[in-house]
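Trainee: I am new to this structure. Please show it to me, and then I will ask about the words used for it.

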Amino acid sequence: MTDPVETQHDPEATRHGPGRILILVYGVFALSATARAGVQIATQFSEAPIAYVLSAVAAIIYCAATFALAKATKVSRRVATAAIAIELIGVLAIGAFSYAAPDDFPDATVWSHFGQGYGFVPVVLPVLGLLWLRRTR
(Lines give C-alpha, C1' and ligand atoms only; values in the text may rest on other atoms or scores of the structure.)
Protein backbone atom coordinates (compact mmCIF):
# COMPACT_ATOMS: atom_id res chain seq x y z
CA MET A 1 0.00 0.00 0.00
CA THR A 2 1.34 3.46 -0.85
CA ASP A 3 1.85 6.17 1.68
CA PRO A 4 -1.00 8.75 1.41
CA VAL A 5 1.54 11.57 1.77
CA GLU A 6 3.42 10.32 -1.31
CA THR A 7 0.21 10.04 -3.35
CA GLN A 8 -0.81 13.62 -2.55
CA HIS A 9 2.10 15.01 -4.56
CA ASP A 10 2.23 12.42 -7.34
CA PRO A 11 0.38 13.57 -10.48
CA GLU A 12 0.57 10.01 -11.83
CA ALA A 13 -1.72 8.85 -9.02
CA THR A 14 -4.71 9.71 -11.23
CA ARG A 15 -3.97 6.77 -13.53
CA HIS A 16 -3.51 4.06 -10.90
CA GLY A 17 -6.04 1.94 -9.05
CA PRO A 18 -9.62 3.13 -9.59
CA GLY A 19 -8.22 5.82 -11.88
CA ARG A 20 -7.70 3.15 -14.54
CA ILE A 21 -11.39 2.34 -14.50
CA LEU A 22 -12.23 6.04 -14.66
CA ILE A 23 -9.94 6.48 -17.68
CA LEU A 24 -11.50 3.42 -19.33
CA VAL A 25 -15.04 4.74 -18.86
CA TYR A 26 -14.04 8.18 -20.11
CA GLY A 27 -12.40 6.52 -23.11
CA VAL A 28 -15.56 4.57 -23.93
CA PHE A 29 -17.63 7.74 -23.66
CA ALA A 30 -15.11 9.67 -25.77
CA LEU A 31 -15.25 7.05 -28.48
CA SER A 32 -19.03 6.57 -28.43
CA ALA A 33 -19.87 10.28 -28.22
CA THR A 34 -17.45 11.11 -31.03
CA ALA A 35 -18.84 8.38 -33.28
CA ARG A 36 -22.45 9.27 -32.51
CA ALA A 37 -21.92 13.00 -33.05
CA GLY A 38 -20.02 12.36 -36.27
CA VAL A 39 -22.76 10.19 -37.72
CA GLN A 40 -25.54 12.53 -36.57
CA ILE A 41 -23.85 15.64 -37.96
CA ALA A 42 -22.98 13.92 -41.25
CA THR A 43 -26.39 12.38 -41.88
CA GLN A 44 -29.10 14.21 -39.91
CA PHE A 45 -27.77 17.64 -38.96
CA SER A 46 -30.85 19.57 -40.17
CA GLU A 47 -33.16 17.47 -37.98
CA ALA A 48 -31.69 18.57 -34.62
CA PRO A 49 -28.69 20.88 -35.03
CA ILE A 50 -28.58 22.00 -31.40
CA ALA A 51 -28.63 18.45 -30.09
CA TYR A 52 -25.95 17.26 -32.51
CA VAL A 53 -23.61 20.17 -31.88
CA LEU A 54 -23.98 19.57 -28.15
CA SER A 55 -23.14 15.89 -28.71
CA ALA A 56 -19.96 16.99 -30.51
CA VAL A 57 -19.06 19.35 -27.65
CA ALA A 58 -19.58 16.50 -25.17
CA ALA A 59 -17.34 14.30 -27.31
CA ILE A 60 -14.55 16.89 -27.28
CA ILE A 61 -14.80 17.24 -23.51
CA TYR A 62 -14.74 13.46 -22.99
CA CYS A 63 -11.66 13.21 -25.24
CA ALA A 64 -9.90 15.99 -23.34
CA ALA A 65 -10.70 14.41 -19.97
CA THR A 66 -9.59 10.95 -21.14
CA PHE A 67 -6.23 12.13 -22.46
CA ALA A 68 -5.59 14.43 -19.51
CA LEU A 69 -6.36 11.74 -16.93
CA ALA A 70 -4.19 9.22 -18.78
CA LYS A 71 -1.25 11.62 -19.23
CA ALA A 72 -1.17 12.32 -15.48
CA THR A 73 1.10 15.34 -15.26
CA LYS A 74 0.61 18.48 -13.20
CA VAL A 75 -0.63 20.38 -16.27
CA SER A 76 -2.85 17.54 -17.47
CA ARG A 77 -4.45 17.34 -14.00
CA ARG A 78 -5.49 20.98 -14.42
CA VAL A 79 -6.81 20.22 -17.89
CA ALA A 80 -8.71 17.19 -16.56
CA THR A 81 -10.17 19.20 -13.70
CA ALA A 82 -11.32 21.96 -16.06
CA ALA A 83 -12.74 19.50 -18.61
CA ILE A 84 -14.59 17.49 -15.97
CA ALA A 85 -15.96 20.61 -14.27
CA ILE A 86 -17.23 21.87 -17.65
CA GLU A 87 -18.69 18.43 -18.26
CA LEU A 88 -20.59 18.54 -14.95
CA ILE A 89 -21.92 22.03 -15.65
CA GLY A 90 -22.85 20.95 -19.18
CA VAL A 91 -24.70 17.80 -18.20
CA LEU A 92 -26.64 19.66 -15.50
CA ALA A 93 -27.49 22.60 -17.78
CA ILE A 94 -28.33 20.50 -20.85
CA GLY A 95 -30.19 17.98 -18.72
CA ALA A 96 -32.40 20.70 -17.28
CA PHE A 97 -32.77 22.48 -20.62
CA SER A 98 -33.81 19.25 -22.36
CA TYR A 99 -36.74 18.99 -19.96
CA ALA A 100 -37.59 22.70 -20.14
CA ALA A 101 -37.45 22.90 -23.97
CA PRO A 102 -38.05 19.38 -25.30
CA ASP A 103 -38.76 20.68 -28.82
CA ASP A 104 -35.10 21.69 -29.09
CA PHE A 105 -34.11 18.06 -28.43
CA PRO A 106 -36.07 15.94 -30.92
CA ASP A 107 -33.18 13.46 -30.74
CA ALA A 108 -31.29 12.55 -27.59
CA THR A 109 -27.77 13.69 -26.81
CA VAL A 110 -25.31 12.23 -24.34
CA TRP A 111 -26.28 14.90 -21.82
CA SER A 112 -30.00 15.35 -22.50
CA HIS A 113 -32.26 14.27 -19.66
CA PHE A 114 -29.13 14.07 -17.48
CA GLY A 115 -27.79 11.16 -19.54
CA GLN A 116 -30.91 9.03 -19.20
CA GLY A 117 -30.15 7.22 -22.47
CA TYR A 118 -26.79 6.19 -21.03
CA GLY A 119 -28.07 4.98 -17.67
CA PHE A 120 -27.36 8.38 -16.03
CA VAL A 121 -23.64 7.64 -16.21
CA PRO A 122 -23.01 11.11 -17.77
CA VAL A 123 -24.25 12.83 -14.60
CA VAL A 124 -22.40 10.50 -12.22
CA LEU A 125 -19.11 10.31 -14.14
CA PRO A 126 -17.97 13.93 -13.64
CA VAL A 127 -18.76 13.75 -9.93
CA LEU A 128 -16.62 10.62 -9.62
CA GLY A 129 -13.93 12.23 -11.78
CA LEU A 130 -13.72 15.34 -9.63
CA LEU A 131 -13.72 13.28 -6.45
CA TRP A 132 -10.89 11.12 -7.81
CA LEU A 133 -8.86 14.16 -8.81
CA ARG A 134 -9.38 15.61 -5.36
CA ARG A 135 -8.43 12.36 -3.64
CA THR A 136 -5.23 11.98 -5.66
CA ARG A 137 -4.01 15.57 -5.49
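Mentor: Start with two helices (DSSP runs of H or I, at least four residues, numbered from the N terminus). The axes of H2 and H3 come within 8 Å and cross at roughly 150 degrees. Axes here are lines fitted to C-alpha atoms over the stretch in contact, with angles from 0 to 180 degrees between N-to-C directions. This is a predicted model, where local features need pLDDT of at least 70 and side-chain atom pairs count only at 80 or more, while totals for chains, interfaces and linings use all residues. Residues are numbered from 1 along each chain as its sequence is written, and side-chain values use heavy atoms, leaving out hydrogens and water.

Trainee: Why is H2 called roughly antiparallel to H3?

Mentor: Angles over 145 degrees count as roughly antiparallel. The axes cross at roughly 150 degrees, so H2 is roughly antiparallel to H3.

Trainee: Which residues of H2 and H3 make the contact?

Mentor: Contact means heavy atoms within 4.5 Å. Among the residues involved are Tyr26 and Phe29 of H2 and Tyr62 and Leu69 of H3.

Trainee: What is Tyr62 in contact with, leaving aside its neighbours within four places in sequence?

Mentor: Its partners include Tyr26, Phe29, Trp111 and Leu125.

Trainee: What makes Pro106 count as exposed?

Mentor: Exposed means over 50% relative accessible area (1.4 Å probe, protein chains only). Pro106 has 56% relative accessibility, so it counts as exposed. Pro106 is found in the loop between helix H4 (74-100) and helix H5 (121-135). Beyond its neighbours within four places in sequence, Pro106 is in contact with Glu47 and Ala48.

How values were computed: Buried < 20%, exposed > 50% of the residue type's maximum accessible area, 1.4 Å probe, protein only. Parallel < 35°, antiparallel > 145°, perpendicular 65-115°, else oblique.
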